[in-house]
Amino acid sequence: MFIGPGLLHSIVFIIGMVVVSALVSTWRWDLVSPPEFIGLGNYQRIMADEMFWLTLKNTAFFVLLSVPTGLALSLGLALAANTKLRGVTFFRTAYFFPYIASMISVAIVFRWLYNSDYGLMNSFLGWFGINPIDWLGQCSTAMPAVALLAVWKGLGWNMTLFLAGLQAIPSHLYEAAQMDGAGRWRQFWDITWPLLSPTTFFVGVTSVLGSFAVFDAAYALSGGNISRCLTFYMVYTWQQGFQNFDMGYAAALAWVLFAILGVITFVQFRVLSKRVHYELG
Amino acid sequence: MSSANLDSAQPGHSGKRARRLVAYLTLSFVALVSLLPLAWMLSTSLKSRDEVFAYPPQWIPEVLRWDNYSSLWTDFPYFNLWIVNSFKIVGLIVIGQLIVCSMSAYAFARLNFPGRDLIFYLYLGSMLVPDMVNIIPTYIIFSKIGWIDTHQALIVPGLASAIGIFMLRQFFLTIPHELEDAARVDGAGYWRIYRDIIIPLSGPALATLAVFLFIWNWSDFFSPLVLMNSPPNFTITLGMAFLNDSRSTDWERLMAGNVISLIPLILVYMLAQKRIVEGIATTGLKG
């Protein structure tokens, strides 16, 4: 009885939808004319689709650009914040603002910051004698521009996770290390890094999953006209499904993404979890 | 806990001071970078058109143009509706999830029924399914039953979530059994225990979930983008993206609209800041 409503809801909206989606991915269907069963035809089409490979490459590049940067910065920030300083609460509050703001709103603000003629970014770089850059107008800078927005927005969240991880490390370990004469660098690599590894693993896996789904940022930064270099995987799937109404193809693309994410997550668990120390953490 | 000893990690006083200074500088710099875009949004929202396009940029407008805000309501006839729609949709989702998820979570935490753990793991696994996999059949089915461009298309799928069930289950598991045992001796059934013991003790966990659900759903863009067609039905987040496309250089009013759309999020954050941080620290990791 208790589980009834929740179970009913998930049977319809999780299991039901997954089944329907798998079914639709074997159809050629524009929602209007009757669907035509084509087996794995959509998947064959994907493998030969130049845009599939391009958008997958764009997305992978974005993930490689934003995830390691985000991890390194948020860990560094957590280390700096994990000290008894006055005002740490204020700092944490500040870091969290970007997280709670909606991606659409902050991406609109960033579109304005990146504006080539009047943007704050170029005026700031102007102080150092750097000529104005058309940030969103060319592929070489548009991708880092999206990555910067993503890192900026995720910093507070990831830092909070790292901080919780740091605070769970028993302080007597550091005391013992000091007695043995270990310097701060040694303490970091011998104590902090291994004992923080469950947190690092968790933040890494969730960041990769989240970054693969990048959509809102590219959409709002583009102001309605998404360029080829910001056409990420989700953007392409959305275009196929809801602009071309090629439902079967979009469903197949979604399943391929699911498979890719599944493989990546599985590999992360297999390769990295061996190095994660859970005994004390 | 480890913070105190990190400070005293090294003997030299000057080393400690230098480290403190570096920490302060780092923290301040990042705080500045975090807040600067939002400050710039606020500044732009109060400028005249000339000031918006002044170069080099000007931080403080000569006259604060509050009419950038009031003109949102007159120039964009649906702006009001977008905010009302967002409150309605997000409010119903939050209430629905608190009820549905707390019942499911109670079942997972306390009741024994066949397949319980299997179902629970399926729930956890479902968090990995990309939104895209679900949204396509959702769109297809809703278009067959005439729900496209209606608010129930956003509300009904949002009434339960794996993350909500998971968060509450983790909390319920920490409630001591003794209370329930005593109630059971007095003849209370599962329903009475759920209503009179579990729920009253779970105030903090329910509030934390409510706060997160509010923030996530207020910001949700993808589902409204796919499922809504006509501007009067938009949420504020979708509405802002719509203005961003159609009035793309009307910067001062885009920023004013952004400020309005962020106020509810900021208010919720200010009221529940501690809750959010603790929520991340406990439920984010202990999985």
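## Helix packing and domain contact in a predicted model

Helix H5 (residues 79-110) of chain B packs against helix H6 (residues 116-126) of chain B at an angle of about 130°, and their axes are 10 Å apart. The model is a predicted one. Angles over 145 degrees count as roughly antiparallel and 65 to 115 as roughly perpendicular, with the rest beyond the roughly parallel range being oblique; H5(B) and H6(B) are therefore oblique to each other. H5(B) passes H6(B) in a left-handed crossing. On the H5(B) side the contact is made by B:Ala107, B:Phe108, B:Ala109 and B:Arg110. H6(B) contributes B:Arg116, B:Ile119, B:Phe120 and B:Tyr123. By class, this contact of H5(B) with H6(B) holds six nonpolar and two charged residues, and no polar ones.

A helix pair across the two chains is formed by H5 (residues 103-113) of chain A and H14 (residues 236-246) of chain B. Their packing angle is about 20°, with the axes 9 Å apart. Angles under 35 degrees count as roughly parallel, and H5(A) and H14(B) are therefore roughly parallel to each other. The crossing of H5(A) and H14(B) is left-handed. From H5(A), the residues in contact are A:Ile104, A:Ile108 and A:Arg111. Those from H14(B) are B:Thr237, B:Met240, B:Ala241 and B:Asn244. The contact of H5(A) with H14(B) divides into four nonpolar residues, two polar and one charged.

The table lists both pairs by angle and axis distance.

| Helix pair | Angle | Axis distance |
|---|---|---|
| H5(B) and H6(B) | about 130° | 10 Å |
| H5(A) and H14(B) | about 20° | 9 Å |

Chain B is also described by its domains. The domain assignment gives domain 1 (3-67) and domain 2 (70-283) of chain B. Taken over C-alpha atoms, the centres of domain 1 of chain B and domain 2 of chain B are separated by 32 Å. Their contact takes 10 residues from domain 1 of chain B and 11 residues from domain 2 of chain B. Between them, the two domains bury about 860 Å², of which 64% lies on carbon and sulfur atoms. Within domain 1 of chain B, the residues that lose the most area to domain 2 of chain B are B:Met41, B:Arg49 and B:Asp67, which together account for 51% of what that side buries.

Chain A contains 12 helices and two strands. From the N terminus on, its elements run α-β-β-α-α-α-α-α-α-α-α-α-α-α. The C-alpha trace of chain A spans about 75 × 60 × 40 Å along its principal axes.

Key. Residues are numbered from 1 along each chain as its sequence is written. Chains are lettered from A and ligands numbered from 1 in the order in which they are written. This is a predicted model: local features need pLDDT of at least 70, side-chain atom pairs count only at pLDDT 80 or more; totals for chains, interfaces and linings use all residues. Side-chain values use heavy atoms; hydrogens and water are left out. Axes are lines fitted to C-alpha atoms, for helices over the stretch in contact, and angles run from 0 to 180 degrees between N-to-C directions. Helices (H or I, at least four residues) and strands (E, at least two) are DSSP runs, numbered from the N terminus. A crossing is left-handed if the near helix is turned anticlockwise from the far one by less than a right angle, and right-handed if clockwise. Contact means heavy atoms within 4.5 Å. Ala, Val, Leu, Ile, Met, Phe, Trp, Tyr, Cys and Pro count as nonpolar, Asp, Glu, Lys and Arg as charged, and the others, Gly among them, as polar. Domain bounds come from an automatic or database domain assignment. Buried area is the accessible area (1.4 Å probe) that two parts lose on being put together, summed over both.
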